[in-house]
Amino acid sequence: VRFLIVRLADGSISTALDACQICGPLGYGQEGDTAICKNCNAPIAMDTIGQGGGCNPLPLAASLETGSVVIAVGELTKAEPHFK
């Protein structure tokens with residue numbers, strides 16, 4: 001399962017799957033401060049990663065614990081159908 005982690009301007013993190021409900025699992029690239037959908041070329045503002053909707057990457061729940069990003073195995077299991 002591929003996922004994205006973005007550090008936002010306020011220092012917090014946002015996580016999402018490297019897939020979208022509309023375009024599927026082709027994922028995203030990055031041009032400067034913008035994520036770009038590899039399927040439809042839609043520009044995605046980095047501060048919206050993890051919010052879902054439109055062509056934004058699918059949200060993925062995670063937490064920051066002692067400087068490490070923690071993603072529960074159950075979250076990755078829920079993500080599996082999006083990568084088939």
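Is Asp18 buried or exposed? The structure is a predicted model, in which local features need pLDDT of at least 70 and side-chain atom pairs count only at pLDDT 80 or more, whereas totals for chains, interfaces and linings use all residues. Residues are numbered from 1 along each chain as its sequence is written, and side-chain values use heavy atoms, with hydrogens and water left out.

Asp18 has a relative accessibility of 8% and therefore counts as buried, where buried means under 20% relative accessible area, exposed over 50% and partly exposed in between, computed with a 1.4 Å probe and protein chains only. This residue is placed in the loop between β2 (13-17) and β3 (28-31), strands being DSSP runs of E of at least two residues, numbered from the N terminus. A polar atom of the Asp18 side chain lies 2.9 Å from the backbone nitrogen of Tyr28.

Val1, in the segment before β1 (3-7), is exposed, with a relative accessible area of 53%. Together with Phe3, Ile5, Leu64 and Val69, Val1 makes a nonpolar surface patch of about 410 Å².

Zero disulfides, defined as pairs of cysteine sulfur atoms within 2.5 Å, are found in a search of the whole structure. Cys37 is in no disulfide, the nearest cysteine sulfur being that of Cys55 at 3.5 Å, and Cys37 is buried at a relative accessible area of 3%. The sulfur of Cys40 is 3.6 Å from its closest cysteine sulfur, also in Cys55, which is too far for a bond; Cys40 counts as partly exposed, at 41% relative accessibility.

Methods
Patches are made of residues with over 30% relative accessible area and no salt bridge: like charges are joined within 9 Å, nonpolar side chains (Val, Leu, Ile, Met, Phe, Trp, Tyr) within 5 Å. Accessible areas come from the Shrake-Rupley method with a 1.4 Å probe; for residues, only the protein chains shown count as cover. A salt bridge is a side-chain nitrogen of Lys or Arg within 4 Å of a carboxyl oxygen of Asp or Glu. Helices (H or I, at least four residues) and strands (E, at least two) are DSSP runs, numbered from the N terminus. A polar contact is a pair of N or O atoms within 3.5 Å; within protein, one must be able to donate a hydrogen and the other to accept it, and residues adjacent in sequence count only if both atoms are side-chain atoms.
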